[in-house]
Amino acid sequence: MTSHAFRCLAVLLFSALSVEAARAEDWPAFRGPTGDGHSKAVGLPTRWSETENVRWKTAIHDKGWSSPVVFGDQIWLTTAKADGKELFAVCLDRASGRILHDVKVFELEKPPFCHPYNSYASSTPVIEKGRLYVHFGTNGTACLDTDTGKVLWERTDLKCDHFRGAASSPTLHGKHLYLIFDGFDTQYVVALDKETGKNVWKKDRDIQYKNASGDEKKAYATPAVLTIDGKEQLVCPSAGATIAYNPADGKELWRYNHGGMNAACQPILANGFIYITCGYPALVLALKPGGEGDVTKTHTGFKVPRSAPTRPGLILSDGLLFMVNDAGIASCLDAKTGDPVWQERVNGAFSASPLIADGKIYISDEAGASHVIEAGKKYNRIATNKLADGCMASPAVAGKCLLMRTKTHLYCIEQK
């Protein structure tokens with residue numbers, strides 16, 4: 001091989017490795033590339049404030065609780081007018097925080113009611129090369145070209161009465177975009193062709209609820225595609241039951257009836273269990289994966305009825321289960337038995353899901369405080385940091401930057 005050919009090969013290899021490294025830094029969906037709040041980043045900051053370790057800070061107009069997603073040099077999130085009449089997708093430059101696109105995706109004459117605690121833009125989008133998929137529940141779902149911001153397709157005919165507003169995020173897997181509609185009036189799961197937005201399949205939930213009240217039927221969970229016994233299953237928590245479907249055709253595989261309304265957490269497969277949460281009364285459930293039909297009586301691993309969250313998700317790491325509930329009680333459990341390891345009150349109200357990176361857990365409350373806690377068998381709060389406003393959105397990671405969306409701004413926090 002000539003020296004020129006060797007140099008060309010070296011450049012190609014370096015370019016390929018650089019692209020792979022960039023992709024490894026992407027945060028394409030709610031709770032990251034694996035849907036469980038885990039980041040491989042090393043060197044994220046543990047201390048910050050309005051004047052310390054803030055690389056950039058960008059105001060985001062109007063109101064939205066969706067988390068940011070990252071692909072390559074772009075960061076996307078959604079926002080909406082407080083009255084819900086205009087729904088937006090916003091793109092920022094990852095390096096500078098400069099706004100590149102601000103796209104009005106939908107305009108509504110009479111938006112349905114949304115509780116002030118929620119927002120009209122609480123569902124986190126999902127991104128892949130060249131395409132962003134935004135979801136506003138019954139108010140619309142759309143696919144955008146990430147280079148131009150142009151809307152490629154949209155759906156406004158998928159309806160339900162969210163009653164308090166939408167919050168379930170979409171899941172992208174293979175050629176399909178999966179959405180859950182668990183409303184006050186009707187409940188179903190739908191798979192869309194990601195290229196066209198057309199239905200691939202739609203499945204009614206058909207859950208026998210203990211109470212006829214519509215308020216007991218609504219839920220906000222994000223679906224997850226899990227590999228169980230060598231086969232992919234679309235696991236969809238809901239009020240009343242968690243149901244697994246064949247991702248290809250929507251055939252129901254199994255269901256676990258657990259009761260409880262307002263299910264919100266994305267399921268996680270680890271340690272031989274599927275971990276889910278139920279709301280009101282709050283409950284963490286570890287289910288044995290697999291089975292067919294109704295597995296309620298046969299597939300219970302363990303239940304944790306105390307100090308469980310209804311909105312923040314769970315963290316599983318090294319045989320431990322970490323969580324913070326809505327009222328600010330942080331807990332560590334044995335992930336195989338549910339036995340308590342430690343529990344501490346960190347104070348505050350919490351909606352955002354935690355993040356784990358490099359052995360540290362990041363939790364942010366609704367008033368502006370963020371705590372960094374060691375992911376270990378002994379409680380060790382490494383730092384408490386304060387920003388001007390609080391977080392309803394869950395954090396994301398871009399390289400060595402922690403992306404935190406408060407009620408008013410998006411921050412890129414990086415160790416200087």
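Lys-218 is buried in this predicted model. Its relative accessibility is 3%, which falls below the 20% cut-off for burial. The side chain of Lys-218 meets that of Asp-215 in a salt bridge, with an N to O distance of 3.2 Å. Asp-215 is partly exposed, at 22% relative accessibility.

A salt bridge also joins Glu-252 and Arg-255. The closest N and O atoms of this pair are 2.8 Å apart. Arg-255 is buried, with a relative accessible area of 11%. Glu-252 is partly exposed, at 27%.

Lys-57 and Glu-50 form a further side-chain salt bridge, at 3.0 Å from N to O. Lys-57 counts as partly exposed, at 37% relative accessibility. Glu-50 also counts as partly exposed, at 31%. Salt bridges link Glu-86, Lys-104 and Glu-107 in a network. The count of salt bridges comes to 14.

Backbone geometry was examined next. Tyr-280 and Pro-281 are joined by a cis peptide bond, with omega at about 0°. Pro-281 is found in the loop between strand 20 (273–278) and strand 21 (283–287). Tyr-280 lies in the loop between strand 20 and strand 21. Phi of Tyr-280 is positive, near 55°, although the residue is not glycine. Tyr-280 is partly exposed, at 47% relative accessibility.

Ser-307, likewise not a glycine, has a positive phi of about 60°. Ser-307 sits in the loop between strand 23 (300–304) and strand 24 (315–317). Its relative accessible area is 19%. Ser-307 therefore counts as buried, because burial means under 20%.

Key. Residues numbered from 1 in each chain as written. Predicted model: local features only at pLDDT ≥ 70, side-chain atom pairs only at ≥ 80, totals over all residues. Heavy atoms only, no water. Helix = DSSP H or I, 4+ residues; strand = E, 2+ residues; numbered from the N terminus. Buried < 20%, exposed > 50% of the residue type's maximum accessible area, 1.4 Å probe, protein only. Salt bridge = Lys/Arg side-chain N within 4 Å of Asp/Glu carboxyl O.
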